[in-house]
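Hi everyone, thanks for coming. Please have the sequence and the 3D view ready on your screens, and follow along with me.

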Amino acid sequence: MNLLQKWHKNRLFSPFVVELLIIMFVVEFVKGALLLTILPVYMKTTLGASAFIIGWTLAAQYIGDNVLRTPVGWIIDKLGYRTTMLTGVLLTFISVILIATTSQHIWVIVGCALLGFGTAPLWPCVITGTTEVAGDEAQATIMSVVYMAWLSGTGLGPVAINFFVGETNYSTAFRVLLGCMTVVVIVALMLPRKSGVSALNTGSREKANVHKKVLEPFAKRVFAYLSEVRRSMSISPLMFPAMFAQTFALGILTPILTLYAKEVLKLTSFQYSMFLIAGGAVTVIFLVPMGKLVDRFGIRPFLIAGFLLSSVTLLLFTFTHTMLLLYVLVVALGIGYAFIIPSWNALIASVIPPEKRGAVWGFFLTIEGMGMIVGPIVSGKLWDVYGYHAPFLTSGCVIFLLLVLQMFISIPKKGMVR
């Protein structure tokens with residue numbers, strides 16, 4: 001029994017999982033570098049685009065990403081990881097080439113839309129594959145590892161690419177990103193054709209079965225997919241508004257953090273970078289230990305602690321102007337999210353039918369993605385109409401609402417499936 005348990009734990013770092021994590025890290029590195037560092041300045045200074053065009057360019061990426069997440073989850077179940085992920089990374093590769101070589105605004109927008117379509121398989125593939133390999137007893141741990149790869153790539157990309165951009169050296173930066181995507185394509189070719197568990201145990205399934213499924217009538221496949229989603233509705237109906245609210249609260253903060261730091265706190269670029277590093281580093285450091293604790297002691301205590309700490313921090317944030325206290329609040333917010341991320345995702349993973357992970361994960365990620373689309377829109381309006389306090393207070397109140405909502409959601413003990 002001990003040998004079986006050790007083998008099970010080793011599967012968390014199997015080649016399949018490592019390949020998924022490498023793809024997650026590098027793609028998020030490229031995406032973060034493009035969207036946060038290169039495109040806003042490159043389009044304004046080099047291409048002469050207006051803020052309105054830049055806004056639509058960035059929106060095209062996220063809308064494309066979110067719209068395709070649900071069907072991508074279904075495609076994973078039918079075609080497997082290699083075909084789905086390889087298609088995505090190739091589209092991402094093409095998008096970087098297009099953005100790097102065109103000077104027409106419309107083609108940059110098309111490139112960002114392709115970037116969205118290309119990155120759409122990323123989260124469904126990685127989450128479906130890693131949770132499938134991890135099993136029910138290590139869901140929080142594996143979700144912590146996934147989010148650590150995501151946060152590391154997203155945070156490092158915008159910072160590292162600055163060393164290559166310099167003043168206006170965008171050609172070097174684009175070459176670096178194209179090199180990164182070349183690595184991702186090679187790694188994607190190593191993925192198994194079907195599920196991670198079956199690949200570890202018995203290898204890929206027969207191609208004939210895949211072809212047979214692909215050739216089924218389209219209407220029949222759509223009906224089967226809707227049936228899969230309907231099966232997931234047996235969980236608490238509060239889960240769906242809660243999934244939206246969790247990312248909505250984060251989306252509210254996304255567009256106004258830099259604005260608040262520069263216009264209200266009057267921070268220098270170095271000071272603002274230190275704040276981001278402080279909060280992000282604390283989250284990354286605590287993720288895996290928190291994931292292990294969630295797997296050992298259960299989901300509920302960590303959800304309560306995370307929601308409470310994050311809510312209080314955000315409600316106090318705009319009323320504090322002392323640098324030391326601001327650092328304390330930023331670190332507290334990072335710890336709060338380190339509590340929330342593994343416990344919240346372990347909760348979601350625990351209610352998904354194992355045989356339909358791809359389809360249902362894709363559907364759930366679409367709901368969460370809507371929060372990231374609506375949040376920034378609401379945030380800008382709150383800032384313009386009610387001032388800089390409003391977005392932070394709204395985000396804090398939404399997280400407090402989540403603290404209350406989760407009390408009425410049935411949670412399996414110690415992350416186990418009900």
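How many cavities of 30 Å³ or more does the rule count? Before I answer, a word on the background. This is a predicted model, in which local features need pLDDT of at least 70, side-chain atom pairs count only at pLDDT 80 or more, and totals for chains, interfaces and linings use all residues. Residues are numbered from 1 along each chain as its sequence is written, and side-chain values use heavy atoms, with hydrogens and water left out.

Now the rule itself. Rolling a probe the size of a water molecule over the atoms shows where empty space is left. Here a cavity is a set of points, on a 1 Å grid over the protein atoms alone, where a 1.4 Å probe fits but cannot get out. Grid points are joined across faces, edges and corners, and a volume is the space filled by probe spheres set on the points. The count comes to two cavities of 30 Å³ or more.

Let's visit the largest cavity, with about 40 Å³ of space. Its lining, meaning residues with an atom within 4 Å of a point, includes Ile23, Met85, Thr92 and Pro121. Two or more lining residues come from each of α2 (15-46), α5 (81-101) and α6 (105-119). Which of the elements gives the most? That is α5, with four residues. By class, this lining has six nonpolar, four polar and no charged residues. For the classes, Ala, Val, Leu, Ile, Met, Phe, Trp, Tyr, Cys and Pro count as nonpolar, Asp, Glu, Lys and Arg as charged, and the others, Gly among them, as polar.

The second largest cavity holds about 30 Å³. Gln246, Ala249, Phe307, Tyr337, Ile340, Ile399 and Leu402 line this space. At least two of the lining residues come from each of α13 (239-253), α17 (323-350) and α19. The classes here are six nonpolar, one polar and no charged.

Let's step back to the chain. It has 19 helices and zero strands; these are DSSP runs numbered from the N terminus, with helices being H or I of at least four residues and strands E of at least two. Of its 418 residues, 53% count as buried. Buried means under 20% relative accessible area, exposed over 50%, and partly exposed in between, with a 1.4 Å probe and protein chains only.

Thr84 lies in helix α5. Is Thr84 buried or exposed? It counts as buried because its relative accessibility is 6%. Leaving aside residues up to four places away in sequence, Thr84 touches Val72, Ile75, Ile76, Leu79, Pro121 and Cys125, where contact means heavy atoms within 4.5 Å.

Next, Gln406 sits in the segment after α19 (389-405). With a relative accessible area of 1%, Gln406 is buried. A polar atom of its side chain lies 3.0 Å from the backbone oxygen of Leu403. Setting aside residues up to four places away in sequence, Gln406 touches Arg300, Leu303, Ile304, Phe307 and Ile411.

Finally, Thr172 is in helix α9 (residues 170-189). At 21% relative accessible area, Thr172 is partly exposed. Its C-alpha atom is 9.5 Å from that of Ile161, 11 residues apart along the chain.

Notes: Polar contact = N/O pair within 3.5 Å; in protein donor to acceptor, adjacent residues only side chain to side chain. 1 Å grid on protein atoms, 1.4 Å probe; cavity = no way out; pocket = protein on both sides within 12 Å on 5 of 7 lines; lining within 4 Å.
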